[in-house]
Amino acid sequence: MRKWVFMIIGILLATGVAMYVWTETIMKHGAEPKADGTNEYAIILGAKVREEGIPSLALQYRIVAAEEYLLKYPHVKVILSGGQGDDEPVSEADMMYTYLLEAGIEKERLIREDASTSTYENLLFSKRLLPQNTSKVTIISSDFHLARAQFIAQYLNLDVDVVEAKTPRVVERKLRNRERFALMKAVIVGR
């Protein structure tokens with residue numbers, strides 16, 4: 001009996017290690033292919049707005065990466081995707097809109113999608129805002145998040161390249177570990 005318990009524990013540990021290595025490998029490859037301004041539209045995936053009305057560090061880094069990209073490629077229009085949670089004073093889309101407008105990005109280039117509550121909804125609702133027959137877009141999000149975003153985009157028949165926003169060190173471990181489970185769910189459920 002005791003031998004079976006150790007075997008089961010060993011199998012569970014091996015499975016856990018394998019899943020950790022697999023998700024880590026997938027997340028590392030999420031930052032490819034890098035965007036080069038080819039796509040006319042980009043989508044910034046939202047992240048938490050703090051109760052004080054300021055972006056979380058993850059959202060702040062995404063906005064800064066988007067600003068740099070939009071300044072480099074002035075022909076690109078961007079969908080700012082993110083709704084408003086119960087504990088958020090404004091929608092993630094509105095937070096990004098205000099920041100990018102103040103950074104000098106023309107309002108004609110900024111499209112708000114403020115109903116989504118998940119990565120799947122970010123991409124699904126944003127796709128509906130794209131001009132008909134547009135299937136090539138750039139996704140702007142945190143480095144750890146891009147693999148899952150690409151997987152979901154593929155599920156929605158979007159052909160994507162990416163702009164990676166670095167993950168703030170102070171929250172990196174927490175966000176990457178949470179992302180591992182979300183990535184496994186996306187692969188199993190398809191979104």
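1. Helix H5 and what follows. After helix H5 comes Asn157, whose phi is positive, near 60 degrees; helices here are DSSP runs of H or I with at least four residues, strands are runs of E with at least two, and both are numbered from the N terminus. H5 itself covers residues 146–155 and is mostly covered, with 7 of its 10 residues buried, where buried means under 20% relative accessible area, exposed means over 50%, and partly exposed lies in between (1.4 Å probe, protein chains only). The buried residues of H5 are Leu146, Ala147, Arg148, Ala149, Gln150, Ile152 and Ala153.

2. Basis of the values. This is a predicted model, in which local features need pLDDT of at least 70 and side-chain atom pairs count only at pLDDT 80 or more, whereas totals for chains, interfaces and linings use all residues. Residues are numbered from 1 along each chain as its sequence is written, and side-chain values use heavy atoms, with hydrogens and water left out.

3. Overall layout. The protein has 6 helices and 5 strands, and along the sequence they follow the pattern α-β-α-β-α-β-α-β-α-β-α. Of its 191 residues, 47% count as buried.

4. Strand E2 and its two partners. Strand E2 (residues 77–81) is mostly covered, since 4 of its 5 residues are buried. Strand E1 (residues 41–45) pairs with E2 in the parallel sense over 5 bridges, and E2 also pairs in the parallel sense with strand E3 (residues 110–113), over 4 bridges; two strands count as paired if DSSP finds at least two bridges between them.

5. E1, helix H2 (residues 57–72) and E2 make a right-handed β-α-β unit, and the chain then crosses from E2 through helix H3 (residues 92–102) to E3 in a β-α-β crossover that is right-handed. The term right-handed is used when, with the strands pointing away from the viewer, the path from the first strand over the helix to the second runs clockwise.

6. Salt bridges across the chain. The structure holds 7 salt bridges, each being a side-chain nitrogen of Lys or Arg within 4 Å of a carboxyl oxygen of Asp or Glu. One of them joins Glu164 and Lys34 at 3.4 Å, N to O, and this pair links distant parts of the chain, with Glu164 in strand E5 (residues 159–165) and Lys34 in the loop between H1 and E1, 130 residues apart. Glu164 counts as partly exposed because its relative accessible area is 27%, and Lys34 likewise counts as partly exposed because its relative accessibility is 46%.

7. Glu40 and Lys77 meet through their side chains in a salt bridge of 3.3 Å, N to O, with Glu40 in the loop between H1 and E1 and Lys77 in strand E2, 37 residues apart. Glu40 is partly exposed at 41% relative accessibility, and Lys77 is partly exposed with a relative accessible area of 25%.

8. Asp87 forms a salt bridge with Lys48, the closest N and O atoms being 2.5 Å apart; Asp87 lies in the loop between E2 and H3, Lys48 in the loop between E1 and H2, and 39 residues separate them. Asp87 is partly exposed at 38% relative accessible area, and Lys48 is partly exposed at 35% relative accessibility. Salt bridges that share partners also join Lys34, Glu164 and Lys166 into one network.

9. Aromatic pairs. The structure holds 2 aromatic pairs, which are rings of Phe, Tyr and Trp (its six-membered ring) with centres within 6.5 Å, called stacked with planes under 30 degrees apart, edge-to-face over 60 and tilted for the rest. One of these pairs is formed by Tyr69 and Tyr73 and is tilted, at 4.9 Å centre to centre and 55 degrees between the planes. Tyr69 counts as buried because its relative accessibility is 6%, and Tyr73 is buried with a relative accessible area of 16%.

10. A nonpolar surface patch. Val5, Phe6, Ile9 and Leu13 make a nonpolar surface patch of about 400 Å². Patches are made of residues with over 30% relative accessible area and no salt bridge, like charges being joined within 9 Å and nonpolar side chains (Val, Leu, Ile, Met, Phe, Trp, Tyr) within 5 Å, and accessible areas come from the Shrake-Rupley method with a 1.4 Å probe, only the protein chains shown counting as cover for residues. Ile9 has its place in helix H1 (residues 2–28) and counts as partly exposed at 42% relative accessibility.
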